[in-house]
Every structure is written in structure tokens, then in C-alpha cells.
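Colleague: I have not looked at this structure before. Please show it, and then I will ask a few questions.

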Number of protein chains: 2
Amino acid sequence: MLRSLAPQNSLANAIHDRLAGVAEVFTQQLTSDLPAVNELCRHVEKYRGKMMRPMLVLASGAAAGGVSSLGRPHLVLAAVVEMIHMATLVHDDVLDEAEVRRGGRTVNSLQGNEAAVMLGDYLISKAFHLCSTIDDPSLNQMLGRVTNTLCEGELLQLAHRGDAALLEGTYFEIVRRKTAVLTGGCCAIGARLSGADAERQLAMQSFGEDLGIAFQIQDDVLDLMGEVGVVGKTVGRDIAKGKLTLPVVIHLASCSPVERAHALAEFARADGSALRDAVVASGSIAQAHKRADAIVERAKRRLTGVAEGEALDLLLAMADATVTRPA
Amino acid sequence: MLRSLAPQNSLANAIHDRLAGVAEVFTQQLTSDLPAVNELCRHVEKYRGKMMRPMLVLASGAAAGGVSSLGRPHLVLAAVVEMIHMATLVHDDVLDEAEVRRGGRTVNSLQGNEAAVMLGDYLISKAFHLCSTIDDPSLNQMLGRVTNTLCEGELLQLAHRGDAALLEGTYFEIVRRKTAVLTGGCCAIGARLSGADAERQLAMQSFGEDLGIAFQIQDDVLDLMGEVGVVGKTVGRDIAKGKLTLPVVIHLASCSPVERAHALAEFARADGSALRDAVVASGSIAQAHKRADAIVERAKRRLTGVAEGEALDLLLAMADATVTRPA
């Protein structure tokens with residue numbers, strides 16, 4: 001993906017090569033002496049897609065200290081954040097009763113919710129253990145803060161399930177916690193491991209958080225509008241599970257009382273296709289894209305004075321890609 | 001509980017007092033700025049019962065370095081292991097579809113599986129983050145190894161769900177991983193924090209692991225034989241969920257072919273009461289108790305040269321209590 005994002009960028013090639021090292025750490029860590037555990041781990045490896053979070057760790061490290069600063073700790077922490085991300089996917093699929101992920105069956109649909117719950121726990125545990133093998137306790141603290149907030153975001157989202165009065169501010173608070181704090185953490189960790197000072201770590205973190213928010217908005221739009229064959233995972237789950245996403249929040253806030261009554265009825269009976277037509281007609285998809293675009297522009301501005309050269313080009317390309325990706 | 005175990009033991013009183021400090025750390029850590037998260041955390045606090053694992057941390061510390069060695073790190077790590085334990089309870093209740101825990105409704109039955117899954121994740125995350133606030137990276141490594149093994153034990157148990165051919169050796173391997181490694185870790189961590197050398201840490205760890213195994217056998221017997229009003233949680237779940245427990249494993253291995261055919265049919269249709277009658281009649285409950293008693297005796301022998309005085313008396317009383325408790 002990196003190479004197609006920035007084909008002339010030699011840093012993109014260098015990071016692309018290191019992602020193989022990250023995948024190796026990931027696989028090696030998720031190898032157990034128990035065949036039943038291995039089988040589940042091999043299945044979850046298929047979820048590994050774009051490796052956006054490991055890329056953020058590596059690209060942020062390169063921005064802070066150059067490509068030569070990318071050492072073993074970067075690969076390890078990149079594998080750690082990917083494990084955390086995988087754990088959230090596995091547990092989210094239980095919550096969402098999803099059946100398809102990356103074009104394959106989900107763990108919960110194949111092996112039951114029980115195996116999916118425990119496999120997610122195993123991924124979290126492995127991630128924290130792996131993080132502790134790098135002799136820097138502040139990394140475990142950073143990771144712990146990230147996952148605390150991430151879980152709070154998921155719990156906040158659950159508390160607002162079916163809440164048709166969800167405000168845009170609350171929507172963004174949920175997204176900040178459940179998605180953006182991890183992508184921001186990736187950038188802060190990568191920069192820290194390459195020797196960035198606190199100010200630069202914070203700037204990179206803000207950049208990563210913005211990317212996470214833009215990414216989530218795009219995810220929302222794809223869940224509403226996408227085809228399962230293109231997106232590669234179960235779509236239409238948000239409305240089916242009573243989750244208000246940004247296009248719907250915008251639609252409800254801007255439409256007429258009559259349209260609002262219609263939309264609420266469609267939301268209440270989880271009628272995705274009727275709601276989708278109304279959301280498209282009111283221009284709320286376009287509005288959601290506009291919000292995402294503005295957040296991507298803000299993200300790019302955060303890189304001023306923080307990244308330069310090929311690292312800057314790469315981070316800018318990654319920022320643009322969050323809102324143009326088809327899946 | 002400690003005071004009733006060893007009423008004349010001044011160390012028991014000292015540890016009892018420190019448990020209030022552990023509870024305070026626990027509550028303080030599980031306080032969020034989000035009301036929805038707080039509500040769930042206050043509910044899970046009601047699960048906090050005997051605090052066996054925090055007691056093991058404190059008693060092992062006192063055995064290694066005297067009561068004066070018990071400082072803030074002991075309280076923090078005691079809260080950490082209790083959080084991990086709570087997380088396993090919350091996720092186990094999802095897996096077991098249990099409705100009652102400590103005489104109250106379970107999180108999953110009150111708020112749904114989704115909230116229970118995320119609350120368990122939150123507890124795990126909080127535990128690792130709290131552990132990392134003690135400036136000793138080896139503690140995070142110890143904790144990570146414990147939780148890795150714990151999850152493997154749960155996954156191994158799931159892989160053998162409905163497996164009527166489960167061998168006693170596999171049963172003990174499951175129990176070692178899912179239960180004993182945590183209680184062993186409590187003792188090793190407590191001893192380590194009080195300055196014990198590696199050999200003494202290992203002896204205390206073996207003691208704690210044996211206690212965990214004996215505790216689990218007693219749990220198995222209570223699930224088969226107990227009344228919900230006494231045990232305080234849903235009983236009969238093991239057979240209902242296709243889990244072979246030690247009394248049933250012993251029964252199947254020792255009964256006649258005809259009795260075995262009956263027992264397998266009862267297990268297959270999850271008929272707990274018929275199976276219970278047969279297990280009692282064949283003396284398999286008594287055999288399970290005998291196994292647990294032998295493990296408790298082995299645990300006590302591990303304390304030779306490792307603990308003395310009031311600390312020894314207290315640990316011996318805790319060992320005995322694992323197999324005499326009614327719940």
C-alpha cells in the first residue's frame with residue numbers, strides 16, 4: 001500500500017520492507033504450544049490488512065529520527081499496536097455479530113463468541129507482554145493509557161446505542177476515544193522511540209489522532225454505502241446495531257421535522273436502505289466527507305516543523321489516503 | 001475472612017487492614033469521567049469477595065520480608081491481580097451465559113454481552129496500566145506471562161468443550177493454566193516485592209499454583225453439588241456448557257461400560273441432576289476431594305524453609321481453607 005501511495009519515495013520502500021519484520025514478530029509472538037490456540041491465531045492473521053497502525057509507528061519514527069533510527073523496538077511496538085487493533089476487531093465482531101471480515105468468516109461466526117472473546121483477551125495480553133520486553137516502562141504506561149481510553153470509547157458508544165438524539169459532539173468524543181487515541185499513540189510511540197522530544201511527540205500524536213478520526217468517518221460512510229464485496233466486511237451493521245454514525249447524525253440535525261420522524265422510524269426498525277436513501281438525498285454523505293476532508297487538512301498542518309523531506313511526503317500521502325480508500 | 005481463618009494471628013489482622021487499602025486503589029483506578037463507565041465499574045465491585053489473590057500477594061510478601069516490607073507496591077499489585085481476576089469473572093460469565101454472581105445479577109445478564117466484553121477489556125487494560133506505574137518493568141513481564149497462560153488455558157478449555165474423552169492430565173493442564181498460574185503469580189509477585197531471591201519466589205509461586213488447583217477442584221465440586229443460595233453464583237453451568245470437571249472425569253474413567261454409556265448420554269443432553277447422582281454414587285466426589293486434599297498437603301510442604309512464624313501459620317490456614325470453603 002505504501003509503495004502505491006508514494007511510488008517514488010525511497011522511505012516508503014524502506015518502511016514497506018520493515019513491515020515484513022513486523023509481521024514476523026507478530027506471527028512469532030502468536031505461536032503457542034497448544035494447537036487449538038495456534039489455529040485461532042493463524043485465522044486472526046488473515047485480518048491483517050493495510051497495517052496502517054504499524055506504518056504510523058514506523059513513518060513517525062522516520063520523521064523524528066530518520067530511517068536509520070528505526071530499530072528492533074520500532075518493529076516490536078508496531079507489532080504491539082497491531083495486536084491491540086486485532087483484539088478490537090475480534091471483540092467488535094462479537095459486539096456487532098458480524099460474519100465477514102477481510103472477505104473471510106469472523107472468529108465469532110466460525111468458532112463461536114466464546115472463542116472470539118478469549119482470543120481477543122489473548123491478543124491484548126500478548127501485546128502488553130511484548131511491550132514489556134522493551135526495557136522502557138514508560139512505553140507500557142503509554143500503551144495502558146491508550147487502551148484505557150479505547151475501552152472507555154467502546155463503553156461510551158454502547159451506552160449511546162439506539163440513542164437517536166446523539167449529538168455530533170458526543171459522536172466525535174466516542175470516535176476520539178475508540179479510534180483516534182490508538183492511531184495517535186502509534187505516532188507518539190514511533191517518534192519517542194526515535195528520540196523525539198515531548199513537543200514533537202505531541203504534534204505527531206495530534207496528527208495520528210486526526211487521521212484516526214478521518215479514517216472512522218470514512219468507515220462510517222463505507223458501512224452505510226459500501227458493498228460487502230468491495231469493503232470486505234459485513235456492512236450495514238451500524239444501523240442494525242443501533243449505532244448512529246456521522247452521516248446519520250448530520251442528517252437528523254439538518255432535516256425537516258417530517259423527514260426527521262421518517263428517519264427515526266427507519267433507525268428504530270433498523271431499515272438501512274430507506275435511511276441510506278434519505279441520508280444521500282439530504283446531502284449528509286457529502287457533509288460527512290467535508291468534515292473528514294477538513295480533519296485531514298488539519299492533520300497535515302500539524303506536521304509543519306515536525307516532518308520534512310520524504311517522511312513529510314509519506315505522512316501527507318497517508319493522510320490523504322484515509323479519505324480516498326474504498327475499504 | 002483472614003481473621004476468622006487465624007483469629008490469634010496478628011499478621012492476619014495487619015493484612016486484613018491493608019486489604020482496605022487495596023480496595024481503595026481498586027476503586028480509585030476504576031473511576032472514569034464517563035458516568036456510563038462508572039456505573040459498570042461500581043457494579044463489578046460487588047463481585048469482589050474474599051480477595052484471595054490480593055491476600056496471597058500480601059501474605060507472600062510478609063513471609064518473604066516481614067510485615068514491614070509491605071508497602072505501596074504490594075497494595076498496587078494486589079489491586080492489579082484482583083482486576084485481572086475480575087476481568088476473567090466478567091468474561092467467564094459471558095462464556096457461561098451465567099446470570100448470578102455473588103448473589104447479584106451478572107453484567108452480561110443486566111447490560112448485555114457487549115458491555116460485559118468491553119468491561120472485561122477495560123479491567124485488563126486498567127490492570128496493565130496500573131502495573132506499569134510501579135517502576136519495575138519485570139513486573140509487567142511477570143503479569144504478561146501470567147495472563148498469556150491464563151488465556152491459553154481458557155482457549156484450551158473451550159477446545160475441549162463437549163469432549164467426553166477428556167483425560168485427567170488434560171484437565172489438570174487446563175486448570176494449571178487458567179487458574180493456578182494467576183494464584184502462583186500472586187505469590188511470586190508478593191515475594192519479589194519484599195526482596196525474595198529467585199529460589200524463594202519460585203517456591204512461593206509453586207505454593208500459590210497448588211492452592212489455585214485445589215481451589216478449582218473445590219469450585220468444580222460446588223458447581224456440581226452446590227445450591228445457588230449458598231454458592232452465590234449460577235451452579236450447574238459446567239455440565240450445561242459441556243465442561244468436564246474433575247468429579248465427572250474421575251467417574252467416566254472408573255465406572256463400568258454400562259454406567260459410562262449412561263453418563264455420556266446425560267452429559268450429551270446436559271442432564272446435570274442425573275449425572276450428579278451417578279457421580280456421587282460412584283464415589284467420584286470423594287475421589288475429587290482426595291485429590292484436592294493431596295494437593296493442599298503438597299502446597300504446605302513447599303513452604304518448608306520459605307516461611308515461618310505467623311506468616312507460615314497464615315499461609316497454612318489459607319491452604320486448608322481452599323478445600324473447606326462452602327463457596
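Modeller: Copies are superposed here by least squares on the C-alpha atoms of residues with pLDDT of at least 70 in both. This is a predicted model, in which local features need pLDDT of at least 70, side-chain atom pairs count only at pLDDT 80 or more, and totals for chains, interfaces and linings use all residues. Residues are numbered from 1 along each chain as its sequence is written, while chains are lettered from A and ligands numbered from 1 in the order in which they are written.

Colleague: Which residue of chain B comes closest to the rotation axis?

Modeller: Chain B is superposed on chain A by a rotation of 180° with 0.0 Å of shift along the axis, at an RMSD of 0.0 Å. The two copies are therefore related as by a two-fold rotation axis. At 2.7 Å from that axis, counted at C-alpha, the closest residue of chain B is Pro137(B).

Colleague: Which element gives the largest share of the side of chain B that touches chain A?

Modeller: The contact (C-beta atoms, placed from the backbone, within 7 Å) takes 37 residues from chain B and 37 residues from chain A. On the side of chain B, two or more residues each come from α3, α5 (72-96), α6 (107-132) and α7 (137-159); helices are DSSP runs of H or I with at least four residues, numbered from the N terminus. The largest share, 14 residues, comes from α7(B).

Colleague: What percentage of the interface residues of chain B are also interface residues in chain A?

Modeller: The side of chain B that touches chain A has 19 nonpolar, 11 polar and 7 charged residues. Nonpolar means Ala, Val, Leu, Ile, Met, Phe, Trp, Tyr, Cys or Pro, charged means Asp, Glu, Lys or Arg, and the others, Gly among them, are polar. The copies meet through the same surface, because the share of interface residues of chain B that are also interface residues in chain A is 100%.

Colleague: Is Met51(A) buried or exposed?

Modeller: Met51(A) lies in the loop between α3 (35-45) and α4 (52-65) of chain A, and its phi is positive, near 55°, although it is not a glycine. Most residues other than glycine have a negative phi. A residue is buried with 20 or more other C-beta atoms, placed from the backbone, within 10 Å of its own, exposed with 12 or fewer, and partly exposed in between. Met51(A) has 23 such atoms within 10 Å, so Met51(A) is buried.

Technical notes. Two residues are in contact if their C-beta atoms, placed from the backbone, lie within 7 Å.
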